[in-house]
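Please look over the sequence and the model below before reading on.

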Amino acid sequence: MAANYWASTQRRHWQYSRETLAEIRQKLEDDDRALVQQYPLPDRRLLSHLFNQQLAKFGKRLSIRQQAVATAQVYVRRFYSKVEIRRTNPYLILATAFYLACKMEECPQHIRTIVSEARSMWPDFIISDVSKLGECEFYLISEMNSQLIIHHPYRTLQDLQNTLSMAQDDTSLAWSIINDHYMTDLPLLYPPHVIAVTAIFLALTLKPTQAGLQAAASTAAALSSATPMPKDQPGSMNGVPNTQQKKVQNLVSWLAEGEIDIKAVVECSQEIISLYDVLEHFVDKICKEQIARFVKARGLDK
Amino acid sequence: MSPCSNNPSIPPTFLRNHFDNGITPNHDDPISNSPEPDTPESDTTQPAYLDPYYLEPYSHNFVLPTESSEARKMPPTNGYTSKVRVLDRYKVVGFISSGTYGRVYKAVGHNGMAGEFAIKKFKPDKEGEMIQYTGISQSACREMALCSELSHPNMIHLVEIILEDKCIFMVFEYAEHDLLQIIQHHSQPTRHPIPASAVRSILFQLLNGLLYLHSNWVLHRDLKPANIMVTSKGEVRIGDLGLARLFYKPLHSLFSGDKVVVTIWYRAPELLLGSKHYTPAVDLWAVGCIFAELLSLRPIFKGEEAKMDSKKTVPFQKNQMQKIVEILGMPTKDKWPGLIHQGEHSQLQTLSSYVREGNNGKSGLESWYWNTLRSTGYQDSPPSVTPGQQGLDLLSKLLEYDPMKRLSAEQALQHPYFTANGEKVSANCFEGMSTQYPSRRVSQDDNDIRTSSLPGTKRNGFPDDSLAGRPTKRMKD
């Protein structure tokens, strides 16, 4: 349903358990084993980081707001849970997902505008024929079963910022953590409100320094034992300012009385923290080269 | 060369990509919100799937040759072919209607799939011999996405969507009737009223579907009799979500997207006066107009649409506004405090403040209402045979100038019109009726479909929204 996440196609058809998602991906790779072996690719999160960068750049060039960029990212992730990436031209998929997302998020861009932007961003991979992108749109919509309405965590964040008396800084940090989660599989694994709460939790605990990170880890540990954090847990808030500590307490007691799946929040937090670890190893050039190899060798850019 | 002509069996014409524009002779596609259709590229490479080396890129049945040779021989694999073919699944039995969006066909299922279907084929943006993919119109995207998401007994049910041969086919449950057809049936050969109980049931189901839409943050924006289907079991189904959209915190103001929405006779005063912030209340105004039309069998505000000028500025719909003022009187800022904030409220001065003469000092709408009941032939009693005083009260609260005061779908459903007299509103609007409505007209003639699909050929006898003189759809900027 459009406004009701619980009845939405997102929840009914596009939310998997980790096991199911792994099986789906395994099957895709098994079906194309030779291709997969011939063209190794980096960690999915690194690829996603590249996609994220490219789409954000695309969005900036056309002054498109973040939500449409986020929708495009979810489209790309859904699509690649159905289709082996090495059978596609990822740049064409990115441009098409962006084109479609703009229409669905009510900021439509002309197909020519999209194609010419895409061409100037990726001249080696996009030809000027708009019908290529139009055809790819059919492919994308078909693989997604026309289920194009995406529920994002941003809305929950906006709803909660007052409830949890978050400062502007906290909110914008949580906002950028939400932006980052599109580089992980979390959008296919958890409901948007869980992601939003995770982002808030991380924003309040990660801030402002490395000390916050440890705080996050130990708060996560406290949360996972499903009891509200003891008020004076020794050392846990080391280096975190007092007001911040209060906000975290606020959040924890709010979580304790709410119906949010705390275990899920903990899992999401860990996923995001490890994302930041993985991204340390991101080398733009390697990703691009590995994509270029199969696209060029297989003539997918024609 | 048509992409289809390579196939050994020639597909029926309805799979080809010609559209008869007889109904809307101007070539501008008023439905497409995207800018002008693209002109085809000079380079017309044939579609990938006509390539003899073409391999379906995502077929799981496909067995790969050894990888080394595969990598060398593999042709471009971005080509799209549908996994499902419309004609494998459905047998088209006739043509129902066409409009700016494309055409609608009646079909039955193949292979024992029970039931009847209405298949809406979207017109590709580009017409001509060689169809190119030019991007799907935003309106089609919305309709596909919303219909996939929504499900309610008073919404038309989507069976599936098939994207094939550069066309979009939306397969819906088949509904035998629609409100326009029912209204027409009661207008001919002589006017005889739609039973009061049926009107009540229709209105209740319509509001119930609308409540569902609005509580899901969807504005329909094009409610009118032709878009409201009725099944043979008397169930009302809201159809045509081509203009519908979400209104929860849109990225842009609703106004900026589609400057003009809702077929003119059903267009709310705030839209006519150029409001920048409109709300679900626009749909409730349309419900009021439909209610009035069910009672009088004629559109209540039958204005003439002022066309957009060459600069594509949206004109003030003076004639339409005049029709409203004739019955409801001039809106005032006492009754509608937001009136002065409407972009075009100064235009009201250009209108005549003439209000159609009310009998015995009654207000315009009240006088219209009782005259209408009398002339359509409603009896005054018992309460079950007349829409009565409660009907008037509900109607006046739907046709309320101030969108802030206009009833919401939820409030309207609780109106005494539905609850008074202790009668239950039936979920079958035909309950207890002896009238048999004629089945939807379906052209059985294959040849007719074929020839009529040639550009510029007029179809015989199946006008877009039936009644000649009905405004042709909505306009958009």
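Contact, as the word is used here, means heavy atoms within 4.5 Å. Counted in this way, residues 24 or more positions apart account for 78% of the contacts in chain A with a separation of 6 or more, and for 71% of the corresponding contacts in chain B. The model is predicted, with local features needing pLDDT of at least 70, side-chain atom pairs counting only at pLDDT 80 or more, and totals for chains, interfaces and linings using all residues. Residues are numbered from 1 along each chain as its sequence is written, chains are lettered from A and ligands numbered from 1 in the order in which they are written, and side-chain values use heavy atoms, with hydrogens and water left out.

Helices (H or I, at least four residues) and strands (E, at least two) are DSSP runs, numbered from the N terminus. Chain A has 16 helices and zero strands, whereas chain B has 14 helices and 10 strands. Buried means under 20% relative accessible area, exposed means over 50%, and partly exposed lies in between (1.4 Å probe, protein chains only). Buried residues make up 61% of the 302 residues in chain A and 57% of the 477 residues in chain B.

According to UniProt, in an unreviewed entry, the feature "domain: Cyclin-like" lies at residues 53–142 and 155–274 of chain A; such annotations may be inferred rather than shown by experiment. The span of residues 53–142 of chain A is 69% helix and 0% strand, and its end C-alpha atoms lie 26 Å apart.

Consider next a pair of helices. The axes of helix 5 (residues 66–79) and helix 6 (residues 90–104) of chain A come within 8 Å and cross at roughly 130°. That makes helix 5 of chain A oblique to helix 6 of chain A, since angles under 35 degrees count as roughly parallel, over 145 as roughly antiparallel, 65 to 115 as roughly perpendicular and the rest as oblique. Helix 5 of chain A contributes residues including A68(A), A72(A), Y75(A) and F79(A) to the contact, and helix 6 of chain A contributes residues including I93(A), A97(A), L100(A) and M104(A). By class, the contact of helix 5 with helix 6 of chain A has 13 nonpolar, one polar and no charged residues.

Helix 2 (residues 18–31) of chain A holds R18(A) and also R25(A). R18(A) counts as partly exposed because its relative accessibility is 35%, whereas R25(A) is buried, with a relative accessible area of 11%. Not counting residues up to four places away in sequence, R18(A) touches L186(A), L189(A), Y190(A), E267(A) and E271(A). Leaving aside neighbours within four places in sequence, R25(A) is in contact with R44(A), R77(A), D185(A) and L188(A).

Which residues does S146(A) touch, not counting residues up to four places away in sequence? S146(A) lies in the loop between helix 8 (130–143) and helix 9 (154–163) of chain A, and counts as buried because its relative accessibility is 3%. Its partners are I141(A) together with M144(B), A145(B), S148(B) and I161(B).

In chain B, helix 4 (residues 179–187) is mostly covered, with seven of its nine residues buried. The buried residues of helix 4 of chain B pack against strand 6 (177–178), helix 5 (196–215), strand 8 (228–230) and helix 8 (281–296) of chain B.

Conventions:
Axes fitted to C-alpha atoms, helices over the stretch in contact; angles between N-to-C directions. Nonpolar A, V, L, I, M, F, W, Y, C, P; charged D, E, K, R; others polar.
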